[in-house]
Amino acid sequence: MSTETQELQAVKKESLFSKKNKRLVTDPLSDNNPITIQVLGICSALAITVQIQQAIMMSLSVLFVLIGANVIVSLLRKVIPDRIRIIVQLVIVASLVIIVNEVLKAYAPDISEKLSVFVGLIITNCIIMGRLEAFALANKPGPSMMDAIGNGIGYAWILLAVAIVREIFGSGTINLEGLGIGKFQLFPEAFYEMGYMNNNLMILPPMALIVVGVIIWIQRSRNKALIEEH
Amino acid sequence: MKALKKLIDNKLKPHFEEGGKLKRFWVVFDSLDTFAFVPGHTTKSGTHIRDGIDMKRTMMMVIIAMIPCLLFGTWNIGHQYLLGIGEITSATPLMDMFWSKMGWGASRILPLLAVSYGVGLGIEFIFAGIRKHSINEGFLVSGMLIPLIMPADISLWMVGLATAFAVVIGKEVFGGTGMNILNVALTARAFLFFAYPTKISGNVWLMGNEGDTFIDGATGATAMGELANTIGIDANSPATEPIRSMFTDGSVYSFWNQFIGLEPGSIGETSALACLIGAAILLLVGIASWRVILSFFAGGFAMAFIFHTFAANDFMGVEPLHQLMMGGFFFGMVFMATDPVTAAQTNTGKLIYGFFGGLFSIMIRVFNPAYPEGVMMAILFMNVMAPMIDHYVIQSNIKKRLKRAAVAA
């Protein structure tokens, strides 16, 4: 009896923007970043960060799917039988991904073409399954949504940072045509005449891995708590 | 000499030591000081048998071994340039215009050396300062190797960028000298190879001043750049006759020309002879492992022999020894594969490491026309594999001994 009342009180006190819930959003941004700390979702980070517009679209798609899936699974968490929970989660994620894919095809056909299979592969993105398993199945929809926003943005800023480095040095432009903004030439022609060349390695996936590695390096050297003991 | 030492120790040193004004430059002072004078400190605990050869002297030996390659490369750049503009022909005695060739070569190589050492040592100084250790001598050799494996017409800023990339990503992230997985100089070259493929693809390396006109037929193509054109065409077909004729005796890519190094190519790697002199020095002073060199050669020869036997196209059909004279095979074998840090450490491991290094060098070169030279890729690949080779060598040894122990018991 006494435990029940405690739980009830806790429910009343816990507002959506409590300190604990805010941490759900801020933690994944740096200290518990899905890409740089948990090393999840690396494949898409390597594949679609050649251009900034692709990274933006990919981040938005993942954010949408992550929020949707987390909230829905959290709502259904008491109904889903434990044994088939992975299949149920997959169905939910897959439905959301199909929605995203169709919307992209309709409104941003250029980017959709460039993202090709990687939108479909959001279904297998480890971040989404990881958050569903680790968080949504055990928490209420409110915190689940906060968790999804935090992880989605944590994923997005790494993608953007990598894409900015790769596009500037790899292509020498910032191409936002797919978003209807236009294409900017970053280096004046005179630069190229003097012998400057775009770095082709930046366009190749290995360089994305190295850029992510450098971000991890900087992050760990700033935050001593992340350094493992050997 | 003593007076100079006294002056440095008494007048200069205090400024750099703890509490001095220039404390932050201690690493710089220390490295320059120990360059000139043997460090005064001795072992503090217990007795050890010590060899007089420390890292600095090892590095100096390797640099001495590279001098033949450097000098020949300097001369050869000038030679190729004068051939290109038609100042001399292949019939002119080689020693003619010796100093103008050396001068032209030096005007290309010295800036490359300066950039490579400047950037590399600069980064080493910064990291030594941050990590508070004295500066390691590891870059002395890498800084010399990097210009030697560059084409002569490469832009200086590209060399600087590649050096920075190689030192930071290839070495410092792993913990600095002695911790690196990949050969630093080859990392720099691989960076350029993928970043600016048109500049370093190895097909055409003809350089000159602006406004120079090159005579007809002086394409500046390397031997392998030419041979890559024969891939996909049957061996001995009439279409590739002009290319085949370049490799017969007395032509530009004849066996002896390639052995001595009278061909276009990266600065230091054209001459197998100069590399062999370097190998002799390294083996004499006991720095390079003969196991790596020998097995690397055997691996390359085996692959070249197999290709020669099947000879599906003219590239495969090159005589085995002639195939090995081409490109950077010898340079890679002597100076890159033997790098004691990145090579395998066990004796059996060194044999395996070298053999497959040589084998893959020739295989990549012949099978993949996009990479006219396979030595770089093969050595980097074997660098990555070296720890695994060592692991299995050690495990098999443990197993063998356990078996013996079990029998004895």
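1. Helix α5 of chain B, which covers residues 139–148, contains B:Ser142. This is a predicted model, and the remarks that follow should be read accordingly. Is B:Ser142 buried or exposed? Its relative accessibility is 9%, and B:Ser142 therefore counts as buried, since the limit for that class is under 20%. Apart from neighbours within four places in sequence, B:Ser142 is in contact with B:Val184 and B:Ala185.

2. Chain B has 17 helices and 0 strands. Of its 409 residues, 48% count as buried. Among the contacts in chain B with a separation of 6 or more, 71% join residues 24 or more positions apart. The accessible surface of chain B is about 19,800 Å², and carbon and sulfur atoms hold 66% of that surface.

3. Chain B is divided into three parts: domain 1 (2–36), domain 2 (55–195) and domain 3 (223–263 + 288–396). For domain 1 and domain 2 of chain B, the C-alpha centres are 29 Å apart. How many residues of domain 1 of chain B are in contact with domain 2 of chain B? There are 6 in domain 1, and they meet 9 residues of domain 2. Between them these two domains of chain B bury about 570 Å², with 73% of that area on carbon and sulfur atoms.

4. Over all chains, the count of salt bridges is 5. One of them pairs B:Glu124 with B:Lys171, at 2.7 Å from N to O. This pair links distant parts of the chain, 47 residues apart: B:Glu124 belongs to helix α4 (residues 98–131) of chain B and B:Lys171 to helix α6 (residues 156–171) of chain B. B:Glu124 counts as buried because its relative accessibility is 4%, and B:Lys171 is likewise buried, with a relative accessible area of 2%.

5. A salt bridge also joins B:Arg131 and B:Glu172, whose closest N and O atoms are 2.9 Å apart. B:Arg131 lies in helix α4 of chain B and B:Glu172 in the loop between α6 and α7 (184–195) of chain B, so the bridge ties together parts 41 residues apart in sequence. B:Arg131 is partly exposed, at 33% relative accessible area, whereas B:Glu172 counts as buried at 4%.

6. In chain A, salt bridges with shared partners join A:Asp82, A:Arg85 and A:Glu133 into one network. Within it, the closest N and O atoms of A:Asp82 and A:Arg85 are 3.7 Å apart. A:Asp82 counts as exposed at 56% relative accessibility, while A:Arg85 counts as partly exposed at 25%.

7. The contact between the two chains takes 12 residues from chain A and 15 residues from chain B. Chain A and chain B bury about 1,000 Å² between them, 77% of it from carbon and sulfur atoms. Which three residues supply more of the area that chain A buries than any other three? They are A:Met197, A:Leu201 and A:Trp217, with 51%.

8. A nonpolar surface patch of about 500 Å² is formed by A:Trp217 with B:Val173, B:Phe174, B:Met179, B:Ile181 and B:Val384. B:Val384 sits in helix α17 (residues 375–408) of chain B, and B:Val384 counts as partly exposed because its relative accessibility is 45%.

Methods
Residues are numbered from 1 along each chain as its sequence is written. Chains are lettered from A and ligands numbered from 1 in the order in which they are written. This is a predicted model: local features need pLDDT of at least 70, side-chain atom pairs count only at pLDDT 80 or more; totals for chains, interfaces and linings use all residues. Side-chain values use heavy atoms; hydrogens and water are left out. Patches are made of residues with over 30% relative accessible area and no salt bridge: like charges are joined within 9 Å, nonpolar side chains (Val, Leu, Ile, Met, Phe, Trp, Tyr) within 5 Å. Accessible areas come from the Shrake-Rupley method with a 1.4 Å probe; for residues, only the protein chains shown count as cover. A salt bridge is a side-chain nitrogen of Lys or Arg within 4 Å of a carboxyl oxygen of Asp or Glu. Helices (H or I, at least four residues) and strands (E, at least two) are DSSP runs, numbered from the N terminus. Buried means under 20% relative accessible area, exposed over 50%, partly exposed in between (1.4 Å probe, protein chains only). Domain bounds come from an automatic or database domain assignment. Contact means heavy atoms within 4.5 Å. Buried area is the accessible area (1.4 Å probe) that two parts lose on being put together, summed over both.
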